[in-house]
Amino acid sequence: MMSKMINGYIIIVVISIIPLLVPCLLFFYQFIKRRERFILLVSLSWFFWTLFIINSLLSILNASVSLVKLGGVLMVPLTFSFILFIDSISRESVDPKKLVIITAASMSYLIIHLTPGSIIIFKFPNGYLYFNATAADFLLYSFLMLLIEGNSIFFLAKIYRNAPKSLKYYASIGFYSQLLSACIFGISGILNLETSIPGITYSIIGFGTLPLSIVFLKKPQIAFILPFKALRLMVIETKSGLPLFTHIWNVKEDTVSEALFSGMLQGISIILNESVKKGNVREIHLEQAVLIIRRSEKFTGACVLVTTKSSRSLRQALDAFADKFFKKFSPYFSEPSNTDNFKPASDLIMDYFAFIPEYD
């Protein structure tokens, strides 16, 4: 009986690892290609979840309190990586208040968890080994889990609410799957299902994160719905002020004509350059928007990105787009009025700004 239970436990845990380990490797591969911070953080989160579950399996098989304590230590980098992942898709920088709370909770948990006697091992009547934690250890562990689940549900709900129609379906999958997983996890804890179905907790974690992994792998634009909203990208010929190329992501919020916008920007740049004499304008900050400007040192052109907020990913993408645009289309700058020459630049949008959601 005991052997069958252990074998069943091993099978459940091993199966639970697969929906965590495979996305972890896929995310890391994507990070190597794209170098996006959120991809690295979610990859680390899934990696620490995988280590945590493997360690839990080994602790049961070896009846090892030391391995249980190691699992508790893994909860700390797991919590940090997951919360940083959530912050990376919801804001430009880490929330300092949240960081203080996580640090204080993690340090308190480690002190309690690593205290001798905080974990004891006992055996159920059915022969299944189980580890029991002190009340303080359990409460702090539960608080870290609450931080992970609560933050993920809250910000996935915000993403779902703000998602454009083209991403609404995928955003709903991410939100509702995480909400359902948290509810099942909570019910499992209340009913103490782990005692009757060993390994069920890890199964909930593994398969509960699978839909979220699929969503972010298939539609990475979802990660950029909250930090900023890109409105327009325009390339201007700086001598004449004529617009050469324009791409609009948010039609509803962008109603200014190309000619008026380019002329206005050219006028502002000339006035500031002549009066202040401190070089060209690189960014213009408004109350609800930022204009990021990249000028060519060799050619008479400037790329202007209008967005609600500036971010490192936007600045890096604009730099790469500008370099490629000036190299590829500089021969046509002698005829700025013939904008048909610059229409193929739409392909560069897909190359460098594919992560930006399109709003209808």
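These legends describe an overview and several close-up views of a predicted model.

View 1. The protein chain has 360 residues, and buried residues make up 49% of them.

**View 2. Helix α3 packs with helix α4.** Two packed helices are described by the angle between their axes and the distance between the axes. Here α3 spans residues 65-88 and α4 spans residues 96-113. The angle is about 175°, and the axes lie 10 Å apart. Angles over 145 degrees count as roughly antiparallel, so α3 and α4 are roughly antiparallel to each other. From α3, the contact uses V68, K69, G72, V73, M75, V76, T79, F80, I83 and D87. From α4, K98, L99, I102, T103, S106, Y109, L110 and H113 take part. By class, this contact of α3 with α4 has 10 nonpolar, five polar and three charged residues.

**View 3. The aromatic pair of F175 and Y176.** The structure holds 31 aromatic pairs, and F175 with Y176 is one of them. A pair of aromatic rings is described by the distance of the centres and the angle of the planes. For F175 and Y176 the centres are 4.9 Å apart, with 55° between the planes. The pair is tilted. Burial separates the two partners. F175 is buried, at 12% relative accessible area. Y176 has 45% relative accessibility and therefore counts as partly exposed.

**View 4. The aromatic pair of F245 and F325.** The ring centres of F245 and F325 are 6.5 Å apart. Their planes meet at 40°, so this pair is tilted. The two residues come from distant parts of the chain, 80 residues apart. F245 sits in strand β4 (residues 243-248). F325 sits in helix α10 (residues 312-329). F245 counts as buried because its relative accessibility is 6%, under the 20% cut-off. F325 is buried too, with a relative accessible area of 0%.

**View 5. The cysteines C24 and C303.** A disulfide is a covalent bond between the sulfur atoms of two cysteines. The test here asks for a pair of cysteine sulfur atoms within 2.5 Å. By this rule the model has zero disulfides. C24 is buried, with 6% relative accessible area. C303 is buried as well, at 0%.

Terms used:
Residues are numbered from 1 along each chain as its sequence is written. This is a predicted model: local features need pLDDT of at least 70, side-chain atom pairs count only at pLDDT 80 or more; totals for chains, interfaces and linings use all residues. Side-chain values use heavy atoms; hydrogens and water are left out. Buried means under 20% relative accessible area, exposed over 50%, partly exposed in between (1.4 Å probe, protein chains only). Axes are lines fitted to C-alpha atoms, for helices over the stretch in contact, and angles run from 0 to 180 degrees between N-to-C directions. Helices (H or I, at least four residues) and strands (E, at least two) are DSSP runs, numbered from the N terminus. Angles under 35 degrees count as roughly parallel, over 145 as roughly antiparallel, 65 to 115 as roughly perpendicular and the rest as oblique. Contact means heavy atoms within 4.5 Å. Ala, Val, Leu, Ile, Met, Phe, Trp, Tyr, Cys and Pro count as nonpolar, Asp, Glu, Lys and Arg as charged, and the others, Gly among them, as polar. Rings of Phe, Tyr and Trp (its six-membered ring) pair if their centres lie within 6.5 Å; planes under 30 degrees apart count as stacked, over 60 as edge-to-face and the rest as tilted.
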